[in-house]
Amino acid sequence: AKVGITSIHGMDGSLETHDVLRELEASGRLITRLTMPFWVTPDMPESEWPAFLPHRDARGRRWRGGTAKFFIDGVIDTGTAWLYAPDSEGEGLLPFWPDPAKYRRAVKTFAEAGFACTTHACGDRGVREALDATKALVSGAAAEALKKLETNLTTLESRLKAASEGFRGVLFSLVAIALAVYLIAVAFKRG
């Protein structure tokens, strides 16, 4: 907080992490707001998922849960993004989540229990899998926006246009700093 960081989004929460946050808050050592999703990993047995569900509303004064986090792939720079075609080094054809059907079941399980579901997806194939998992759970305007979004996964402009057409309940985020600057410029340009 002394350097201006007032809120943090954790990436790898567990039930034990929530216990640590309770202890930090009780002792006065939790000095920033914190969102701490449960990290649902590909190697986590499906039989363990129900243990997280009763903790959807876990929170303290400065922290909250209520989110399930998934990583379907890595990043393009390291060859770990899940792509339809290999990258320049011949990599990128394998997902972090080796069983996409299990990933879709996990997203469905947590979403139906009321969790916000966040998936890190960087490669075009990873984004497609995340969209497919989400598409199965939404209807109405959100479903229409997803149809538009998936028509061309590799064109930034079409992604931005589809994402800006006002649907509720689904949020897509492009993380790179350069893209954030581009988004700000587009927002000012479009008024």
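Visitor: What is the order of the strands in the open sheet of three, and what pairing do they have?

Guide: In this predicted model, whose local features need pLDDT of at least 70 and whose side-chain atom pairs count only at pLDDT 80 or more, while totals for chains, interfaces and linings use all residues, the order is β1-β2-β4 and the pairing is parallel. Residues are numbered from 1 along each chain as its sequence is written, and side-chain values use heavy atoms, with hydrogens and water left out. Strands are DSSP runs of E with at least two residues, helices are runs of H or I with at least four, and both are numbered from the N terminus.

Visitor: What makes β1 and β2 a pair?

Guide: Two strands pair if DSSP finds at least two bridges between them; β1 and strand β2 (residues 33-35) have three bridges, in the parallel sense, and therefore count as a pair. Within this pairing, H9 stands opposite T35 in β2.

Visitor: Why are β1 and β4 said to stand at the edges?

Guide: Each of β1 (7-9) and β4 (63-64) has a single partner strand, so one side of each is left without a neighbour in the sheet.

Visitor: Why are helices α2 and α3 called oblique to each other?

Guide: Angles under 35 degrees count as roughly parallel, over 145 as roughly antiparallel, 65 to 115 as roughly perpendicular and the rest as oblique. The axes of α2 (residues 100-112) and α3 (residues 124-135) cross at roughly 45 degrees and come within 9 Å, and the two helices are therefore oblique. Their contact, meaning heavy atoms within 4.5 Å, is made by P100, Y103, R104 and V107 of α2 with E129, A130 and A133 of α3.

Visitor: How do you know whether E129 is buried or exposed?

Guide: Buried means under 20% relative accessible area, exposed means over 50%, and partly exposed lies in between, with a 1.4 Å probe and protein chains only. E129, which is found in helix α3, has a relative accessible area of 7% and therefore counts as buried. Not counting residues up to four places away in sequence, E129 touches I72, W82, P100, Y103 and R104.

Visitor: Why does C117 count as partly exposed?

Guide: C117, placed in strand β6 (residues 116-120), has 30% relative accessibility, a value between the two cut-offs, and so counts as partly exposed. Leaving aside neighbours within four places in sequence, C117 is in contact with A68, F70, V107, F110 and A111. C117 and F70 are 47 residues apart in sequence and 7.7 Å apart in space, C-alpha to C-alpha.

Terms used: Axes fitted to C-alpha atoms, helices over the stretch in contact; angles between N-to-C directions.
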